[in-house]
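Hello,

I am passing on a structure that you have not seen before. Please look it over first; my notes follow below.

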Amino acid sequence: MTTPQTSGRRTADWLDGRLGIYTLARTNLRKIFPDHWSFMLGEICLYSFVVIVLTGVYLTLFFKPSMAEVVYHGPYTPLNGIRMSEAYASTMHISFEVRGGLLIRQIHHWAALVFVAAMFVHMMRVFFTGAFRKPREINWLFGFLMLFLGLLDGFFGYSLPDDLLSGTGIRFVEGVTLAVPLIGTYVQMFLFGGEFPGTDIVPRFFTIHVLLIPGVIVGLLVAHLILVFYHKHTQWAGPGRTERNVVGAPLMPVYLAKAGGFFFLVFGIIAAMSAVATVNPIWAYGPYRPDQVSTDAQPDWYMGFAEGLIRVMPGWEVGLWGHTLNLGILIPFLAFPLVLGAIAVHPFVENWITRDGREHHLLDRPRNAPVRTAFGAAWISLYLVLLAGGGNDLFATHLHLSLNSITHAVRIGAFVVPVAVFLITRRWCLGLQRRDRDKVLHGRETGIIRRLPHGEYVELHAPLPQAELHRLTAHKQYTPAELPARAGRLTRVRVRASRAYHGPADQISRPTAEQYRETAHTDGA
């Protein structure tokens, strides 16, 4: 007797005959994902971006991207009768008159901050663990482009209200644009639609912020997730984990259930932050006026290093063939992409040095790649030093220090601190490698003291579990490249870099099986 099909089953069969959904489900819904807290960083990026899109759609219903002048008459009494742009007036309307408007604004802004922060930390996790290696180099570039576009979109977003703080940031961009040799003036006139502040900058920023950059980010995000599915997820070394498998939980139902709950957790935390901590209170700044600027005019933290480059650069100018080059702005303008690009191209430089064509699905412990880890730490330290330079006036006023002294300290620190951090981090990683080697050979300390027959007191060591031994010895160690008899200049550079990257002074050799068997684990001698 044939069992009658329900309408849902018939619909599913109809779709399967045209879309192959059964095969697609069998292939992908049982895909295995490893279980480790560090992999949740990428999910925070995704979920915060979803929150940004949802709240952004709501805000576009009420925001007017226009620089036409109006006179404010609203519930915020201190600004009544003040001339302002329609962009600022509509933002005030959202904040004080639209039901839930201020909370949505706060959620949107906080979600943007969390989005950029999560992308930054997620990329650092990928960098320090070597998850960018073959076959994930393209996905690394996708992630970097999303981070860069997130920085730009955040700047365009907080420039839209046309308040005194965001207007000062736009003035900053105008000054950088004018510093571009030969074409700077023409680009500035085109961008602003005339003399600063012009009439077109807010409508253009609105289009870029709402349509262009989010569309590109969505495309990159889809491509990023497709490659994650295609290449499978990376995982930490451990028993049963190899370069050819993934140990973890299936996508359906375990991972999807966890992911769904985690989305609401992220959304709830962002909403709670927005409810208790005000960010970008435009009513306190007032509408933008070219003749005014507040002392604490600061961009959001992720763009602070760019302003730090400008603030600490000496005001150098040179004249060439009747043209003035403002090096005090031009050099930081050129250094901005170099600072970001240094971390973006490092994976390709490392691959060129190692000539490693193998696929890597097991992650490195940062201590086992001292030069890479030291370079990443040095890059972060440079970022933080320049961020401090971007807030030199706040440090001066709040700590009662000299503004010039802070500026000189940042100038020196931009060169000295990254080098010091590189050397310290590299030394730290080597020390941790030695500690791991000793633990493998001698076991873990038990705290039990034994007196030997000849009177010496020693601490007993217990052998490590097999899983821990595997974790401490599973990493690959490279052999420095040898210089061939006939080598070009580029080959010589690569060999020198290989020796500096994987030489005896930059890695502690792993214990061999023979050394492990020869070492006593029970008598502590």
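**Cavities and cysteines**

The largest cavity in this predicted model holds about 160 Å³ of space. A cavity here is a set of points, on a 1 Å grid over the protein atoms alone, where a 1.4 Å probe fits but cannot get out, and its lining residues have an atom within 4 Å of a point. Grid points are joined across faces, edges and corners, and the volume is the space filled by probe spheres set on the points.

This largest cavity is lined by 15 residues, and Asn368, Ala369, Lys476, Tyr478 and His502 are the closest to its centre. Helix 14 (370-390) and helix 18 (489-502) each supply at least two residues of that lining; helices are DSSP runs (H or I, at least four residues), numbered from the N terminus.

The second largest cavity has about 110 Å³ of space. Its lining has 13 residues, with Phe132, Arg133, Lys134, Pro347 and Asn351 nearest its centre. Helix 13 (residues 327-354) gives the most to this lining, five residues. In total, the count is five cavities of 30 Å³ or more.

There are zero disulfides, a disulfide being a pair of cysteine sulfur atoms within 2.5 Å.

Residues are numbered from 1 along each chain as its sequence is written. As this is a predicted model, local features need pLDDT of at least 70 and side-chain atom pairs count only at pLDDT 80 or more, while totals for chains, interfaces and linings use all residues; side-chain values use heavy atoms, with hydrogens and water left out.

Regards

Definitions and conventions
1 Å grid on protein atoms, 1.4 Å probe; cavity = no way out; pocket = protein on both sides within 12 Å on 5 of 7 lines; lining within 4 Å.
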